[in-house]
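Q: I'd like to go through this one with you, piece by piece. Can we start with the charged pairs and then move on to other topics?

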Amino acid sequence: MDEGTGNGEAPSANEAALVLQTVAEFSRRSLASLLPPPEKSILLDVAFRAAREAAELGILSTEEPTGLGLWDFPERPDSFHLSKRILSLLAETSAAVSWHFHSLALGRWACREAGLAGEEAAIAAVEGRCGFARGALFRWLSGQALSEGDRALLQENFLSPGQGGAPAVVQAGTGWGRALFPALSRDGLRLEWHLYRREKLSAEPVGDSHGLEGTASWLLSIPARSEPEERAHLSGGEAARLLLHALAIQAAGLLAVGVGSTRAALRSARRYSTERRQGGSLIGELPAVQQLLGEAAANLEAVETLLESLSVIPKDVRELRRFFAIRAVAHPLLCQAATSALQVFGGYGYMRDYGMEKILRDNQHLKLLGGTPAEIRLCLGAVGEESHVA
Amino acid sequence: MWLEGLGAPDHPLSLPKSLERLPRPIRDAVQYDPVSLWEHDTRLLSPALQKYRRQVRHFARTVLAPRALPSDSNEHGADTQEILAAAGREGLLSDLLPKPFGSLPPWVFARAFQLVHSIKMEELCAGCGGLGLLIGAHALGTIPLVLSGSLSTIRRFVLPAYRENFEGRPRVFAYGITEPSGGSDVEDSHGGASYRPFTTARKVPGGWRLRGRKVFISGGDIALGVCAFAAIEGEGLESWTCFYVERQMEGFERGRSELKMGQRASSATELIFDDVFIPDGNVVGKVRGGWGLNRTVLNYSRIPVGAIALGIARGAMEAATGFSLKHRLGGKRLADYQDVQLSLAQMMMETQAMRALLWQSASGIAPTQARSSMAKVFCSDTAVAVCERAMELLGNHGFLRGNLAEKGYRDARLTQIYEGTNQINRLSILEDQMEALLGNSKE
C-alpha cells in the first residue's frame, strides 16, 4: 500500500480495493487488539498509537500524499470516496480512532492547501466557537450583506488572542503539536488561516465526554499576545474557499464515521437476535424485534445512500448546503438506528459489556460535532439557492 | 432583563397590562400569574401534597444535586450510606405505610398513594436520576412485603426497617425478578407462558431451599433484604413464589455490579442463591402466589418509572435553560434568540405533557396495567427526546460531562428498558384493554 500512484493519477479500482482490504484488516486486527473490552474506558493514547501504525501502513500519509491515504486529495472524487470508506471501515471497530484519523488527515490536508510547511501533526479547528455564528458564516461565505449582528457573531465565532467567553471545543486524540484555525484579519474584513503551536495555545483536554472515548474534547483558546507560528499567504477568496472545502470534508467525515459505527451496532444486534431466546423462541422471530432491526437497517441504508451521493467537494456555498442538509437529516437517523439496535439487547444493551451503549454515545456525540442539526438548520435557512462563494 | 422578542410583562400590549384595562369579571376569566409551571402544578395539589412536593424538591436540591456529577463519575456508584441516611431521616425510605408506622399522612396514604410516589420520584430524579433510583429502589423492594397482605410480614420485616430508616440508619430492600435468561419473560403473560425457571425453590422441612440467580437488581449490592421470586422445583411460572431473602442467610451472595451507561449512582447487581435456606415465615404472600404479586407490583412501579423519566427530563431541561441564560453570543444571551426560545418552549411543553399523563394515571387508588404502562412508555420516550434537545441546545458543549444534559440523556435511556422494555409495555396496554377492544366488557 505504500507505493502510491502519485499526485496526478487516480488509483485504479484494484488499488482502491487493496487499500480497503488493508484498512479492513488493520481495523479488525491491529486496532481491535489495541482496544480494551467495551466495559473498560479507552485510554487517551490509544488513538495516538493507532495513528502511528496507520501511518506506517499509508492509511495516514505523513509525507507526500500518495492518493491512497485518508483525505490525500479530497478534491478528486476517487480520493474523496476512498476516504469516506476508510473512515467507515475504521469506525466499525472504533468511532473514536476513526475520528482521530480524520482530524489528523484533515489537518494535514488543510496545512498543505494553506501552504504551511511542517511534519508535525496538526488538527484543523474549522467549525469555530459557536455553531457557524448562527448562520452568519454561511451568509458571509455566500457573499450576502452582513448586519452588525452578523459581524459581531463572526468576530466571536473565530478564535482570536485574548478572546473572552467559552473556548472552542475540538475533538481529537493526543499526539498533535499544532492547530490550524480560520481567523478574521485585524480589520475584520478578510479570512485568514493561522497555525499555532500547541504550547502557544491554552488547550485543556476533557477526556470523559459523552462519547468518542479514546479522544478528548479539547477546550481551546488563544492567550492574549500569543502569536501564530505561521500565517497562510492566501487571498481572502482562497482562504474562504479553503474553509468551504474543509467544512465539507468535516461533514463527510462525521457522516462516514457515524455510518461505520452504526453498521457495527446493527451487525451486533442482528447477531444477538439470532442467538438470544425469549418467550421460548429466538428474539429475531418476534415482530417487535424485527421492527427495531428494520428501523435501524432502513435508517442506515438511507444514510449510506446519502453519504454516497456526496462525491465532489463543493465549489460554492450552494453545493456546501447539500453536505449540511444531509448531515442535519442523517445524524439523527444514525442516532435512532443506534438506539433501536441497543433496544434489541434489552437490559444488556444498557450495560457497557456489549458495547451498544458506547456506539449510541458515539453517534450522539458525532451529531453534535461540526454543527448540531439545529445550528445547521439555521445555516441552511441563512442562504438561498442563488448563493455562491464570496 | 426580559427575554428579547417576547412581550415583556411591563409592555402596554403584554397580557398582564392588557388585563389591567379590562373590567374585573372579564379579567378574572383569564389567568395571569407570574409563577413557574412547577408552582402552578403544585398549587393544584392538596395542601398536604403541596407541602410534600416542596419538601422533596428541597431535599433533592440540597442533598442529591450537589452529588449528581461525583456519583456519576464513580464506576460503581456513589457512597450511598450518607445519602440514604439523609433520605431515611426525611421519611423517604418509609413511605409505603401511613403514620405512625410509616411516613405518609393517613389521608395521603388512603387517597393519593400513587400520586405521592410520582411526585417523589420526579423531584428526586430532577436532582439526579441515579440517586433518585437509589432511594426509589427501596420502595420497589418493599411493595411485595406490603402487598402481601400479611400483618406478620409487615410487622417482622417492614416496621423494624422503617424505624431504623427514620433514625438515619439505612436499611433498604430490593426487588428480584429478572433472571439471566432475560427480563421480558417475567414481565408479561405471553413471555411467561414459555418461561423456563432459572431460580427454583425446593420444599424442605421448615422452609425452602433456593437456587439460582437474579441479574440487574437495582440496589442489590446494599439491600439487607430482597424479595426474590422463584418457581417451585419442577413447575413453571404459575408456581412463582416470593421469598424474603435476608442478607446474612448462608448461600446468598452478591455477584458483579454492572457497569452502566447511566443512573450509575444506583447499582444493578447480580444476586446468587446457592441452596439458601428460607424459613416458611419468609414466604411473602402465598405459595404459588408470586406471579400475581409480581404483576401487581409492576403496575405499582411503572408509574414511578414514568416519574423518574420526567424528573430526569426536567433536570436536563433546567440545565439547558440555565446554560441559555448564562451564555452570551453576539452580545445577547442564548435565550434571547428565537430558535432557542422555541426549543425551551418545546421542552417545557413536553415535560408538562408527561406530568399531566402521570398525575392523571396516578389519580386512582389502584393502578391499572394499561394506565401504568402508558405512563411509563410515554414518559420515557418523551424524556429521551427532551434530553436530546437539551444536549443539542448546548451546541458543542452538549457532549461535555460537566453539563448535566448529557448525563440526563444517559440516565433517561434506561427508563425505556427497565420495568419492562417499552415494547413489552406497549403490548401490556393492549393486553389490559383486550376485553374492551373485543366488546367483552360490560359498558
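**Salt bridges, rings and the chain contact**

A: In this predicted model, Arg314(B) and Glu122(B) join their side chains in a salt bridge, with 2.7 Å from N to O. Arg314(B) belongs to helix α12 of chain B and Glu122(B) to helix α8 of chain B, so the pair ties together parts that are 192 residues apart in sequence.

Q: Are Arg314(B) and Glu122(B) buried or exposed?

A: Arg314(B) is buried, its relative accessible area being 5%, and Glu122(B) is buried as well, with a value of 0%.

Q: Which residues are linked with them in a network of salt bridges?

A: The network of salt bridges links Arg314(B) and Glu122(B) with Asp41(B), Arg53(B), Glu123(B), Glu318(B) and Arg355(B).

Q: And how many salt bridges does the structure hold over all chains?

A: Over all chains there are 55 salt bridges. One of them, in chain A, pairs Arg108(A) with Glu119(A), where the closest N and O atoms are 3.9 Å apart. Arg108(A) is in helix α4 (residues 95-113) of chain A, whereas Glu119(A) is in the loop between α4 and β1 (122-124) of chain A, so this pair ties together parts that are 11 residues apart in sequence. Glu119(A) counts as exposed, at 53% relative accessibility. Another pair is Asp78(A) with Arg76(A), whose closest N and O atoms are 3.3 Å apart; Asp78(A) is partly exposed at 25%, while Arg76(A) is buried at 13%.

Q: Back to α8(B) for a moment: how many of its residues are buried?

A: In α8(B), 15 of the 15 residues are buried, so the helix is largely enclosed by the rest of the structure. Its length also agrees with expectation, because at 1.5 Å a residue the 15 residues of α8(B) should span 21 Å and the end C-alpha atoms are 22 Å apart.

Q: Now the aromatics, how many pairs are there over all chains?

A: A search of the whole structure gives 23 aromatic pairs over all chains. Phe113(B) and Tyr300(B) are edge-to-face, because their ring centres lie 6.0 Å apart and their planes make an angle of 80°, with over 60 degrees being the cut-off for that class. Phe113(B) is in helix α8 and Tyr300(B) in helix α12 of chain B, 187 residues apart, and the pair thus links distant parts of the chain. Both Phe113(B) and Tyr300(B) are buried.

Q: What about Trp240(B) and Trp291(B)?

A: Trp240(B) and Trp291(B) also form an edge-to-face pair, with 5.9 Å between the centres and 65° between the planes. Trp240(B) sits in the loop between β4 (225-232) and β5 (241-246) of chain B and Trp291(B) in helix α12 of chain B, 51 residues apart, and both residues are buried.

Q: Which rings have a charged end sitting over them?

A: Among them is the ring of Trp38(B), where the charged end of Arg57(B) lies 3.5 Å from the ring centre, and the ring of Trp208(B), where the charged end of Lys203(B) lies 5.3 Å from the centre.

Q: Changing topic, which residues make up the ring cluster with Phe216(B)?

A: Ring pairs link Phe216(B) with Tyr272(A), Phe345(A), Tyr348(A) and Tyr354(A) in a cluster.

Methods:
Residues are numbered from 1 along each chain as its sequence is written. Chains are lettered from A and ligands numbered from 1 in the order in which they are written. This is a predicted model: local features need pLDDT of at least 70, side-chain atom pairs count only at pLDDT 80 or more; totals for chains, interfaces and linings use all residues. Side-chain values use heavy atoms; hydrogens and water are left out. Rings of Phe, Tyr and Trp (its six-membered ring) pair if their centres lie within 6.5 Å; planes under 30 degrees apart count as stacked, over 60 as edge-to-face and the rest as tilted. Helices (H or I, at least four residues) and strands (E, at least two) are DSSP runs, numbered from the N terminus. Buried means under 20% relative accessible area, exposed over 50%, partly exposed in between (1.4 Å probe, protein chains only). A charge sits over a ring if NZ of Lys or CZ of Arg is within 6 Å of the ring centre and within 35 degrees of the ring normal. The expected span of a helix is 1.5 Å times one less than its number of residues. A salt bridge is a side-chain nitrogen of Lys or Arg within 4 Å of a carboxyl oxygen of Asp or Glu.
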